[in-house]
Amino acid sequence: MTADMTIPDSFIDLIAQVESGGRLTVIGDKHLAAKAYGILQIRQPCLDDFNRWNGTNHSAKDMLGNKELSYTVFRGYMRIYATEARLGHQPTYEDMARIWNGGPRGYMKTSTVGYAEKLRKVALAADFKLV
């Protein structure tokens, strides 16, 4: 799987299950300045990157109830950060999940290993093959 290929909704659905249980209007990490919004728990720093690359002006709150926009942001983030040129190998679904959880270098961080494990469990239950 490469970020140049279409990332299937079925994969992003798995991320949504890990992030929000698939709920569209969740506000997470309310104790932090940059709260996480919507089905994919998107924070403003992620959107700042997305906006810069795409000439848009979305706010994190725009993600509430907006699955389509949230999935577009996910794909855009992967198009920039989950590339063979950046990672030194063809990106995997696990790489993408860990980048989503831990930022551009998330695929290398030990702090994202638990997130990847949660994704594997959700994928197994959904009969989605991550490899």
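**Close-up views of helix packing in a predicted model**

**View 1. Helices α2 and α3 pack against each other at an angle of about 75 degrees.** In this predicted model, helix α2 covers residues 44–54 and helix α3 covers residues 67–81, and their axes lie 10 Å apart. Because an angle from 65 to 115 degrees counts as roughly perpendicular, α2 is described as roughly perpendicular to α3. On the α2 side the contact is made by C46, L47, D49, F50 and W53, while α3 contributes T72, V73, G76, Y77, I80 and Y81. Sorted by class, the residues of this contact are eight nonpolar, two polar and one charged.

**View 2. The rings of W53 and Y81 form an edge-to-face aromatic pair.** The count of aromatic pairs comes to nine, and in the pair shown here the ring centres of W53 and Y81 are 5.3 Å apart, with 70 degrees between the planes. Since W53 lies in helix α2 and Y81 in helix α3, this pair ties together parts that are 28 residues apart in sequence. The two partners can also be described by their accessibility: W53 counts as partly exposed, at 28% relative accessibility, whereas Y81 is buried, with a relative accessible area of 13%. Ring pairs also link W53 and Y81 into a cluster that includes F11, F74, Y77, Y93, W100 and F128.

**View 3. Helices α1 and α5 meet at an angle of about 40 degrees.** Helix α1 spans residues 9–20 and helix α5 spans residues 93–102, with their axes 11 Å apart. This angle makes α1 oblique to α5, and α1 passes α5 in a right-handed crossing.

**View 4. Helices α3 and α5 cross at roughly 105 degrees.** The axes of α3 and α5 come within 11 Å, and the two helices are therefore roughly perpendicular to each other. The contact is made by V73, F74, Y77, M78 and Y81 of α3, together with M96, I99 and W100 of α5. The residues of this contact divide into eight nonpolar, no polar and no charged. One of them, M78, is found in helix α3 and is buried, with a relative accessible area of 0%. M78 and I15 are 63 residues apart in sequence, and their C-alpha atoms are 13 Å apart in space.

**View 5. Helix α5 is largely enclosed by the rest of the structure.** The buried residues are Y93, D95, M96, A97, R98, I99, W100 and G102, and they pack against α1, α2, α3, α4 (84–87) and α6 (113–125). Just after α5, the chain continues with G103, which takes a positive phi of about 90 degrees.

Terms used:
Residues are numbered from 1 along each chain as its sequence is written. This is a predicted model: local features need pLDDT of at least 70, side-chain atom pairs count only at pLDDT 80 or more; totals for chains, interfaces and linings use all residues. Side-chain values use heavy atoms; hydrogens and water are left out. Axes are lines fitted to C-alpha atoms, for helices over the stretch in contact, and angles run from 0 to 180 degrees between N-to-C directions. Helices (H or I, at least four residues) and strands (E, at least two) are DSSP runs, numbered from the N terminus. Angles under 35 degrees count as roughly parallel, over 145 as roughly antiparallel, 65 to 115 as roughly perpendicular and the rest as oblique. A crossing is left-handed if the near helix is turned anticlockwise from the far one by less than a right angle, and right-handed if clockwise. Contact means heavy atoms within 4.5 Å. Ala, Val, Leu, Ile, Met, Phe, Trp, Tyr, Cys and Pro count as nonpolar, Asp, Glu, Lys and Arg as charged, and the others, Gly among them, as polar. Rings of Phe, Tyr and Trp (its six-membered ring) pair if their centres lie within 6.5 Å; planes under 30 degrees apart count as stacked, over 60 as edge-to-face and the rest as tilted. Buried means under 20% relative accessible area, exposed over 50%, partly exposed in between (1.4 Å probe, protein chains only).
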